[in-house]
Amino acid sequence: MRSDTGQVVRLEDYRPSDYLIPEVRLAFRLDPDETYVTANLTVERRKGVSKNAPLVLDGDGLDLVTLHIDGKPAASDAFEAGPDLLTVTKVPETGRFELTIETRLAPSRNKALMGLYVSNGVFCTQCEAEGFRRITYFLDRPDVLAVYTVRIEADRKSVPLLLSNGNPVESGELGDDRHYAVWHDPFPKPSYLFALVAGDLGSIEDDFITASGRKVRLAIYVEHSKEGRAAYAMDALKRSMRWDEERFGREYDLDVFNIVAVSDFNMGAMENKGLNVFNDKYVLADEDTATDADFANIEAIIAHEYFHNWTGNRITCRDWFQLCLKEGLTVFRDHEFSADQRSRTVKRIAEVRTLRSHQFPEDQGPLAHPVRPGRYREINNFYTATVYEKGSEVVRMIRTILGEEKFRAGMDLYFERHDGQAVTIEDFVKVFEDASGSDLSQFALWYHQAGTPHVAATVRYDAAAKELQLDIEQSVPPTPGESRKKLMHIPLAFGLVGPDGEDIAYGEVEGVEVENSVLHVRKRKHSVRFRGVPQRPVLSINRGFSAPVTLSLEVRPEDRFFLARHDSDLFNRWQSLNTLFTGALIDASRRLRGGKTAEFPSELLAHPAELADDETLEHAFRAQALAVPTEADIAREIGSNIDPDAILSARLALQEGIAASGREVFERLYASLEDKGPFSPDAASAGRRALRNVLLEYISAVTGDPQIAVRQFHAATNMTDRAAALMVLAHRFAGTDATGEALAAFEKRYRDNPLVLDKWFQIQAMTPGAETVDLVRSLMEHPAFSMANPNRVRSLVGTFGSANQTGFNRADGEGYRFYARTVLELDKDNPQVAARLATAFRSWRSLEPGRREHARKALAEMAAVKGLSRDLRDIVERTLA
Ligand code: B3K
Ligand code: ZN
């Protein structure tokens, strides 16, 4: 474990390295307990750098065995070596030399899962962001690009498969039952993209012919006997490769593309050049073990990592402050891919739900930071929703502002101008300015200024003058370290909806720039006048969520219902209903706290059934529209003095009211939507299942009878329906025999399938109520639970912290105390995952005073612990600050 050094890295301190390393030859002699790595580096002093400049290489807990300079043992006064640093103080005069470093590693004892480690008997690596320095000393920074040749040697029987980046060049037998393979990657890359995988795995293989006719050998490696569950991932890979050619003109560039699925992984997946390493959760799927959400995630993540080959690998980041250069852009690309493969509107709604539930609370709390941050203590803590999801929204806004054609021209210019380089956000923005002739300087603030902008709008129609007056005001709330904010350029797509649901044409617009039905808000206030508006319209604004802002628009409820029924922008139909739900839920939770009963407008209770029955709408859209805001959504909208118990009660009351009002429709639809025929994971079938499972919740709510869910649980022919039924049982009928029996049956059936067992843990961890702390505690004693496996920890402990409002925020503070202790325990082995879990505390200041004080104490106790990892200390201290 690395202890906190307290050092802050600042963007303004960036300077290029004194030395370059254009070539790297690595040789691994693999052994779980004693692996030897020989790194032979070609080092070059950069032009203009002083001859006395030492070569300072990064290390992290390394054990140096030997060091050679130009083939000769380095003199003891020529270098200084410690676990975290190797300084060559006497560099050969010419400035160009070969440095050969031999280090000794113990992969089996690597519990942080960074660098080289062993997962289920398989050697694998994770180097992003700064894991390469746990393998050998190096200039471990993304702007040092090298051509790698890698030789791997291992025991033949236990480690038959030897993989690294690039193309295979040679392999053969050695004495003593050992063998070797050599890989060469011709594309210069930063060290964070290095990868090695070696072990005994099964595979499925396929070919892909690129647009220019080159044949690429594709393989997905998984544990033996799991090959059948990799077929969907392979299909998603081929679709991704074709899509990137068609939509972005990007072809794959090596002879092989390999994906390996491992079971112990700190995150989702990793885009190492030519050798993507995946958390097996995002590779393995079949109808019996994976839900539709799993299939959609696999498709998206396979695409995401593949797309990195151009946005991240061929063009990489100059420094880690530029992380969004590759992540925001690549998320945007995977969103577009999924939108093309599935329903665009439904995909957009899901994206916005994720943005609001993950990024908005981050942006509105103590961990807020700009999409391109200016400082960090631990870069691993900046793989955030802001960098990824808001980063994607920013790219999306560039497209909204420029239009599809100029956006594509900008992307083409980006690839042409920067291929093979390590660049910055400024370089990225510049290509769009150059390709379009637009000035994006105000827009670029989206990268540099933290906080979710707020837009307040009011509308007035003057029938006599046939004019619509729209007043818009923008504001950006203060965030840590940034109290004064500059004005943003906010592109708001809009329409004036007439009585028949069609957009009304209008005449001149004054007070704001309007282009292609987008309002460009740039000033603090715009007083906008639409002339020649023949009849009173209803304003539909921020269509498709064109800008990631919060919006308050004074609208009469009947106008919102009108938009929910008639807006031609489907996204805003969903949004209007969602806004109505949210308002009613906030109101109801206030009443409940004041000792009154929850009450809801009857039109709101009746509307869902009308919508559920509307055959003109896709099933998946109806499912999204019928899903009322989550407890966390409601809490976020309330913003302060939050009581999660009142919110839960309000939400249950709304669901019951809707269910009572729509019961007949829901029961009829539920029966008619049953899956018939063979399973297919396609979007239409998934949409049908999604709608049916929302209906199951409503029907269970109104009948109070667990048997409907029990029947679905037993009759289910796929994991989506089975897990949905179990969820209803575990959450709505907790403690009943029916639930106990279903949980036991599920556990028995899937006890040998860790990924499915994760769902079993997860569903239970989400059980609402104060008792769940004890349930989670007892599940940690389950023989299948292990603190060493990140998926397991996340599914039980992580889910409890991030998706159980009433359990985690238990009034007596026990949720926080239990959680904090568990995070501290995990921090000893895996700081990265521990720090990630600790972010569950980020909204503590918005709680009511009692809970707030309990949460503060739990945080303060963590902060007082000596020897916290740098990762965890960074999160805890920023959260408390
Ligand atoms: N680039 C990796 C994430 C690495 C996280 C390091 N802490 C996966 C991705 O975003 O594609
Ligand atoms: Zn990524």
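Modeller: Happy to! We will say that two residues are in contact when heavy atoms of theirs lie within 4.5 Å. Please keep in mind that this is a predicted model.

Let us start with helix H1, which spans residues 231–248. One of its partners is helix H6, made of residues 404–418. The axes of H1 and H6 are 11 Å apart and cross at an angle of about 110°. Angles of 65 to 115 degrees count as roughly perpendicular, so H1 and H6 are roughly perpendicular to each other. Which residues of H1 meet H6? They are Glu 246, Arg 247 and Phe 248. On the H6 side, they meet Glu 404, Phe 407, Arg 408, Met 411, Asp 412 and Phe 415. Sorted by class, this contact of H1 with H6 has four nonpolar and five charged residues, and no polar ones.

H1 also packs against H3, at an angle of about 105° and with the axes 11 Å apart. H1 and H3 are therefore roughly perpendicular to each other as well. H1 brings Ala 236, Arg 239, Ser 240, Trp 243, Asp 244, Arg 247 and Phe 248 to this contact. From H3 come Phe 332, Arg 333, Glu 336, Phe 337, Asp 340 and Gln 341. Here the classes are five nonpolar, two polar and six charged. If you look back at H6, you will find Arg 247 and Phe 248 in that contact too.

Now follow us to ligand 1. There are 14 residues around ligand 1, and Glu 128, Glu 271, Glu 305, Asn 380 and Tyr 388 come nearest. By class, the shell holds five nonpolar, four polar and five charged residues. Several side chains place polar atoms beside the ligand. In His 304, a side-chain N or O atom is 3.1 Å from an oxygen atom of ligand 1. His 308 has a polar side-chain atom 3.1 Å from a ligand oxygen atom. For Gln 832, a polar side-chain atom lies 3.4 Å from a nitrogen atom of ligand 1. How much of the ligand does the protein cover? On its own, ligand 1 has 340 Å² of accessible area, and the protein covers 94% of that. Strand S20 (269–270), helix H2 (292–307) and helix H3 (323–341) each give two or more residues to the shell.

Glu 128 is joined to Ala 129 by a cis peptide bond, with omega about 0°. You will find Ala 129 in the loop between strand S11 (122–126) and strand S12 (146–155).

Notes:
Residues numbered from 1 in each chain as written. Chains lettered and ligands numbered in written order. Predicted model: local features only at pLDDT ≥ 70, side-chain atom pairs only at ≥ 80, totals over all residues. Heavy atoms only, no water. Near = heavy atom within 4 Å. Polar contact = N/O pair within 3.5 Å; in protein donor to acceptor, adjacent residues only side chain to side chain. Areas by Shrake-Rupley, 256 points an atom, 1.4 Å probe, with all protein chains shown as cover. Helix = DSSP H or I, 4+ residues; strand = E, 2+ residues; numbered from the N terminus. Nonpolar A, V, L, I, M, F, W, Y, C, P; charged D, E, K, R; others polar. Axes fitted to C-alpha atoms, helices over the stretch in contact; angles between N-to-C directions. Parallel < 35°, antiparallel > 145°, perpendicular 65-115°, else oblique.
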